[in-house]
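Good morning, colleagues. Please look at the model on the screen while I go through a few of its helices, its salt bridges and one surface patch.

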Amino acid sequence: MSTTAEASQGRMPRQIPYIIGNEACERFSFYGMRNILVPFLVSSILLAYLPEMDREGAAKDIFHTFVIGVYFFPLLGGWLSDRFFGKYNTVLWLSLVYCVGHACLAVFEENRTGFYTGLFLIALGSGGIKPLVSAFVGDQFDQSNKGKAKVVYDAFYWTINFGSFFASLLMPVFLKSYGPSVAFGIPGALMMIATVIFWAGRHKYVHVPPSPPDPDSFLNVVRSALTGPASGKGLGTALGGSGVALAIVSLALVPALGFVKAVLIGLGLLIALVGIGASLQLERARGRHPDSAIEGVRVVLRILIVFALVTPFWSLFDQKASTWVLQGQTMRIPHDAWWWPSKLVVTAGQMQALNPIMVMLLIPFNNLVLYPLLRRLGYEPTALRRMGFGIVFSGVAWILAGMIQLWIDGGDPVSLAWQILPYLLLTFGEVLVSATGLEFAYSQAPRSMKGVIMSFWLLSVSYGNLWVLMTNAAVRNEVVIGQIASTGLSENAFLMFFFAGFAFVAALAFALYARTYPMQDNYRTAA
């Protein structure tokens, strides 16, 4: 391993501020454009060809398709980093692609092709670097100072929300007052600053080189398990072959489902069936690969199950920037209340600023107050326990959002302030799931798979947004619309309670699996 910086014995690595500074600016740029995307699309000429009643649904579909792309491209970034260029080089070059994407949004506000090209480039750049920056943080630590990694990951997540807070608060105002060119241009400038900060620390980082071709890699072991000498009926091989076949067949569904949904469904079937097949027949690979490689594959397959069970959380969390914003636009802003910050919060979209400011408050509260208190009471808040409860809190948040929707549907004016409580509960769930998940993904992954494992963690967000797209498509069916009407609920209220139930079912499945999951410790040894 090549190191251009010394790992401090038990001390905080001096290169961390460069990564944290880069992340703060990059997150401002991402959330700055992301949080104004739906309001911009609804009122822009890009959707003027649609009937007015269909524009909100189209804007939500574009938004969630974009988010799917953001969290799908980590697979590409992780692969390029782990196999060819290393984390630093991959992050630097994809950051420049990211900057070009922002420029397209600012320039092509009235051109569908140019604007959607910008969204694609941002998804490619942001998604490609997303697993690498967090894994790059972990590379700066070894066994001598790994105890400080949790502090830095919390600081890392706090910084993400520091940038997100100011972006969420300011960008809706810039969009309303100065138009989309300025509102999309400012995040582009911040992304360029982020790139420069990251480049400035190049001589101080620990650089873990790309992994050379490995005959005992994850994919090679899986291939051996599926194709090795038969030791039984070969059920695993059949499942693996079925996964490949179904993934190919899914492409035929592109005209009916759309390219994004068909590809994700096919990929999900491929991962699930090949993974199950390999786990059933791992012993076939024994003798062709070292025992450590076989156990490494077993660990990765267990991690993927954890990630799969987290996907429903993301289907709830990411709708705060679409469904909750659209709900807020039907509510009354309480400018007449003495406690309402009327000079700061003038649009419903700015309510999203509650999320990052609450994260910045909840992370130190949890670490300094809540977790020590739970330990004194004899309850250890392990990573998996935190993640499971986080899913539960997200479901409770959506029940409250559904109750607010029922109030709105009743015809009475409802104050926007009522959204504060659902935002608080959803944010508490986010801290328990997302901040914990970053550390969990890095600590559990074998060394040669860290970039790819972080990519799969982020891919779970794509599948969360896939559930949203599929649900939104389902409610456009006349039969489903009739069933919803028979409940006496509006479509919006029904969907909010539906997603809450989805979260509770996922939390139960997560808790049952977590009871048998064996934790790993895969931090590198001291240099």
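Let me begin with a definition: a residue is called buried under 20% relative accessible area, exposed over 50% and partly exposed in between, with a 1.4 Å probe and protein chains only. This is a predicted model, in which local features need pLDDT of at least 70 and side-chain atom pairs count only at pLDDT 80 or more, whereas totals for chains, interfaces and linings use all residues. Residues are numbered from 1 along each chain as its sequence is written, and side-chain values use heavy atoms, leaving out hydrogens and water.

By that definition, glutamate 283 is partly exposed, at a relative accessible area of 48%. Its side chain meets that of arginine 298 in a salt bridge, 3.7 Å from N to O; the term requires a side-chain nitrogen of Lys or Arg within 4 Å of a carboxyl oxygen of Asp or Glu. This pair links distant parts of the chain, with arginine 298 in helix H11 and glutamate 283 in the loop between helix H10 (259–280) and H11, 15 residues apart. Helices here are DSSP runs of H or I, at least four residues, numbered from the N terminus. Arginine 298 is also partly exposed, at 22%.

How many of the 27 residues of H11 are buried? The number is 19, so the helix is largely enclosed by the rest of the structure. H11 bends by about 30 degrees at threonine 311, and proline 312 follows within four residues; the bend is the angle between axes fitted to the seven residues ending there and the seven starting there. Threonine 311 is touched by serine 460, as are Phe307 and Trp314, contact meaning heavy atoms within 4.5 Å. Serine 460 lies in helix H16 (residues 450–474) and is buried, at 3%.

Helix H3 (74–107) has a kink of about 120 degrees centred on phenylalanine 85.

Finally, Trp93, Leu96, Met192, Val196 and Trp199 form a nonpolar surface patch. Helix H6 (180–200) gives the most to this patch, with three residues. Leucine 96 lies in H3 and is partly exposed, at 35%. Patch residues have over 30% relative accessible area and no salt bridge, like charges being joined within 9 Å and nonpolar side chains (Val, Leu, Ile, Met, Phe, Trp, Tyr) within 5 Å.

Conventions
Areas by Shrake-Rupley, 256 points an atom, 1.4 Å probe, with all protein chains shown as cover. Helix = DSSP H or I, 4+ residues; strand = E, 2+ residues; numbered from the N terminus. Lists of a residue's contacts leave out its neighbours within four places in sequence.
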